[in-house]
Amino acid sequence: CEKQGDTENLWLNLSDGFIGGGRKNWDGSGGSNGALDHFKETGEKYPLVVKLGTITSEGSTVHADCFSYAKDEDGPVKIPNLAELLAKRGIQVAGLQKTEKSTAELEVELNATYAFDAITESGSKLVSVTGPGLQGLVNLGNSCYCNSVVQALCALPEVANRYGTEANGNVRQHKFFQDVNPSAAPNNVLVQTSKLASALTSGAYAIPQDELDKEGPTDPKHRLAPRMFKHLIGKDHVDFRTAQQQDAAQFLQYLLEQIDRAEARYDRNMSPTSYIFSFESQARIVCSADQKIKYKDTAAETMWSLRVPMEKAVVLPGPEEPEQKKQKQEDGEEKQIPTVTFAQCVESWSAETALDDYRWPHLHNAVHPAMQKTRFKNFPRYLWIQIQRYELGPDWQPVKLEVNLDIPESIDLSAYKASGPQEGEDLVPDEPVGGPPGASGGAQQPEISEMALQTLMEMGFTMNGCKRALLAVGGSDTEAAMNWIFEHNMDPDFNDPLPDPGASAPAAASGSGSGVDDA
C-alpha cells in the first residue's frame, strides 16, 4: 500500500495505477482503507479497482476481483477490457495464479466461522432437522436479509401453495413455468420465485439424515444458493443489488411489490400475494374548536411499524448472560441495556397525539389543533411488525437504539380495533369531492412549510417525497415527517409527482385479505 505500507489485501486503481489497501471494517479489521481513501482524495473520479492476487486467466477470459467505488454502484463489477487495462500497468495476465481470496470468498468464510453463540442461546443443544419445508439456504455473503424473508414467506401455506410444491413433489413442473421461453426464465419474477419456493417446500434438496451432524453436506446439490433469485429481485434497486447488509423489512416490502406487479401481468384476476398482509388504519380526529369528530382511513399497508418509547425503558434484573453477549463501556464496566415491552410499543402507537395546524374545511379552511387516536380498521391474515430501532440524533443522523424488547409469545390486539362513528357523536360534515386534508384536494391540503421542506431536502430526499411526508403529518412537523419517510421511502409512488389538486385519488387495495387465493 502506497499509504500504509501493507503487503496484503492490495487493490490496484485501473485508472491511475495507485495501489492501496482494502476497506477497513467497522471493527478495525480488514485493510488500511488506502484504495478507498485515494478514490475520495482524487475527487471520486477513478472508481475502478482490482484486487492483486486474484487475477487469473483461462484462454482469453480474465478472472479477477473487481470493484467500483462509484456511489451508484459501490459493489463488485465485471470489466470486459480488464486484460487491456492491466497491460497498460505492465501486468501480463498470462500465467498468473490466484494467491489471495476474493471478497466473496472472505464473506462466506466469515459467515461460516462467525461466533453465532454470541447472539444466540449459547450452550443450548439444537436439534438438526431435515425434510420438506426444512431446507436451509446458502449465505451468499451478507444475504441473510434475503434468505430470512424468503424462508418466512415460504413457511406460510398461502405462499407455499401458490409458489411451492407438495412434499416430495416435482420441482420441474409448476404452472408459472408453462409457456415461458427458457431464455426469458432468468428475468421472470414468477418463475424464479416458484423455482426457489419449490426447492424449499419439496424436500428434493434436503440434507440426508445421516449427514445432519456433519459440518456441511458432502453433495453440492444440498447447498441451495438463491443466486438467480437475489440477482433478479435486486438488480434494479440501488441497495439490494450490492453485496452489503440490508434491512429485511425494506426487502420484504420491495419483494412483495415485485411479486404483485408480476402477478398482475400474469393474470389480472389473481389476488395479489400482499393481500394476506394488507390492513388499513382508522384515525379518530377531534377538532379543538368545536369538538366535532372526523374519521379518516389510511391507505392499505403491509407492515405495521412501531416506535420504541425509550422514555419508558427501564433496566431489569435478569439471569447472567454469556460473556460474548455482555456489552462493555470504554472504561471496562458492563453496559446496562434497558428493556421496553411490546405492549408499551403498541400503547405508544395507539396513544392520543396532538396535531398542530390541522385545516378544517367545515370551518372555512381555518387551522385549529386537533387530537388524534389511531386504531386498526381491519386485521390482516398475517401481520408483519417492524420495530423502529433507529431514531434521529441531534445531528439529524439515524442512531440505533440500544434496547432490549420483551415480546410475548401470544399477542391480543382486539382492544385496538376501530369501532367507527358512534351514536351521539357530532361528526364533521362530509367534505367536497377531492379527498381529505393531506390527500389530493387543492384547498383542503395543509400548507407545506418551506423551512420544513428545505430541511428535509437537505438530508438528501427528493422534493416529491418530502412533500408527501409533510402533507401526511400536517405540513410543518419535520420530525414526524422524517419518521413518515423512514416508514414509507420504499413505497412505489414515494418519488412520484403529487396528483393535481381536485384529482380523485385511486382506490386503495382492499385490506381484508378475503380475496386471497388459497389454492
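Me: Which residues of α9 are buried?

Reply: This is a predicted model, in which local features need pLDDT of at least 70, side-chain atom pairs count only at pLDDT 80 or more, and totals for chains, interfaces and linings use all residues. Residues are numbered from 1 along each chain as its sequence is written, while side-chain values use heavy atoms, with hydrogens and water left out. Helix α9 spans residues 342–350 and is mostly covered, with seven of its nine residues buried, where buried means under 20% relative accessible area, exposed over 50% and partly exposed in between, for a 1.4 Å probe and protein chains only. The buried residues of α9 are F342, Q344, C345, V346, S348, W349 and S350.

Me: Is E263 buried or exposed?

Reply: E263 belongs to helix α8, and its C-alpha atom is separated by 8.9 Å from that of V189, 74 residues apart along the chain. Leaving aside residues up to four places away in sequence, E263 touches R162, Y163, L190, M270, S271, P272 and T273. Its relative accessibility is 1%, which means that E263 counts as buried.

Me: At what angle do the axes of α10 and α11 cross?

Reply: Axes are lines fitted to C-alpha atoms, for helices over the stretch in contact, and the angles between N-to-C directions run from 0 to 180 degrees. Angles under 35 degrees count as roughly parallel, over 145 as roughly antiparallel, 65 to 115 as roughly perpendicular and the rest as oblique, and α10 and α11 are therefore oblique to each other. The axes of α10 (residues 450–457) and α11 (residues 463–472) come within 9 Å, and they cross at roughly 130°.

Me: How many of the residues in the contact of α10 with α11 are charged?

Reply: In this contact, A452, L453, L456 and M457 of α10 meet M463, C466, K467 and L470 of α11. Here Ala, Val, Leu, Ile, Met, Phe, Trp, Tyr, Cys and Pro count as nonpolar, Asp, Glu, Lys and Arg as charged, and the others, Gly among them, as polar. The contact residues divide into seven nonpolar, no polar and, as for charged ones, one.

Me: Which residues do salt bridges that share partners join into one network?

Reply: E280 is in the loop between α8 (248–266) and β8 (281–287), whereas K377 is in the loop between β13 (366–376) and β14 (385–388), 97 residues apart. E280 is buried, with a relative accessible area of 13%, while K377 is partly exposed at 35%. Salt bridges that share partners join into one network E280, D297 and K377.

Me: What phi does H364 have?

Reply: Most residues other than glycine have a negative phi. In the loop between β12 (353–360) and β13 lies H364, exposed at 77% relative accessibility, and N365 is placed in that loop too. N365, partly exposed at 26%, has a positive phi of about 65° although it is not a glycine. H364 is not a glycine either, and its phi is positive, at about 60°.

Notes. Helices (H or I, at least four residues) and strands (E, at least two) are DSSP runs, numbered from the N terminus. Contact means heavy atoms within 4.5 Å. A salt bridge is a side-chain nitrogen of Lys or Arg within 4 Å of a carboxyl oxygen of Asp or Glu.
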